[in-house]
Amino acid sequence: MDTKPIIDFLSGITNLSSGFIQEAVKDLKLEFYKHHQVIQAQGQSENRLWYLSSGFARGYFYDDEGQEHTVRFWNEGEVIFSYAGFWNMPAMEYIEILENSELNPIDYEYLKRLMDKYPDTKAVIRFAVQKHLQKEYERHLLCSLPPERRYQKLRKESPHIFKKAPLRMIASYLHMSRVSLSRIINRKPR
């Protein structure tokens, strides 16, 4: 397995010790998932994070009325990280693969053991937490905008989502109906 992409990703976070790199790569695996495969279910125990080597994924949950709400998209080169998993809590959302994908899983317990051994692990975890918080904050800001501005901002900043996700998922992510999103799209040139 080619470990260079994940090592390059980690090296971009901080200067990593050779001991950390050797230890992290030693047990690194590559898992393959198919389109529409759910890799994490709401309520299950989460025990790992994933580096998305290739592909596309989303996070979603169902509300009390059974309505589906998309809360996150992940693209190639991003880390699928969960607070709940890191703190040994049940998953708060589903994670679904939206196109055939390759993921490198890293067990949370393994990360915690590495943290005791290598200080650079803390920087990697801090990076994952910061990216997670940043994405949440950006989504909250996005949802505070009027509907048309939400669409325009997402289209400008993440055009790949419109190529990879169905309209109903994008509409859910933008807190609007599919019909409303279709109207906005049809009013504006792409």
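Q: Which residues do ring pairs link into a cluster with Tyr51?
A: In this predicted model, the structure holds 10 aromatic pairs. Some of these rings are joined through ring pairs into a cluster with Tyr51, and its other members are Phe9 and Phe127.

Q: Is the pair of Phe9 and Phe127 stacked or edge-to-face?
A: A pair of aromatic rings is described by the distance of the centres and the angle of the planes. For Phe9 and Phe127, the centres are 5.7 Å apart and the planes stand at 75 degrees. Planes over 60 degrees apart count as edge-to-face, so the pair of Phe9 and Phe127 is edge-to-face.

Q: How many residues apart are Phe9 and Phe127?
A: Phe9 belongs to helix α1 (residues 4–11), and Phe127 belongs to helix α5 (residues 120–143). The pair thus links distant parts of the chain, its members being 118 residues apart.

Q: Is Tyr60 buried or exposed?
A: Tyr60 lies in strand β3 (residues 48–62). Its relative accessible area is 6%. Buried means under 20%, so Tyr60 is buried.

Q: Which residue lies over the face of Tyr60?
A: The distance to the ring centre of Tyr60 is 3.8 Å. The residue placed over this face is Arg58.

Q: The side chain of Ser101 reaches the backbone oxygen of which residue?
A: Ser101 is in strand β6 (residues 94–107) and counts as buried at 3% relative accessibility. A polar atom of its side chain lies 3.3 Å from the backbone nitrogen of Phe56. The backbone oxygen that the side chain of Ser101 reaches, at 2.6 Å, is that of Glu99.

Note on methods. Residues are numbered from 1 along each chain as its sequence is written. This is a predicted model: local features need pLDDT of at least 70, side-chain atom pairs count only at pLDDT 80 or more; totals for chains, interfaces and linings use all residues. Side-chain values use heavy atoms; hydrogens and water are left out. Helices (H or I, at least four residues) and strands (E, at least two) are DSSP runs, numbered from the N terminus. Buried means under 20% relative accessible area, exposed over 50%, partly exposed in between (1.4 Å probe, protein chains only). A polar contact is a pair of N or O atoms within 3.5 Å; within protein, one must be able to donate a hydrogen and the other to accept it, and residues adjacent in sequence count only if both atoms are side-chain atoms. Rings of Phe, Tyr and Trp (its six-membered ring) pair if their centres lie within 6.5 Å; planes under 30 degrees apart count as stacked, over 60 as edge-to-face and the rest as tilted. A charge sits over a ring if NZ of Lys or CZ of Arg is within 6 Å of the ring centre and within 35 degrees of the ring normal.
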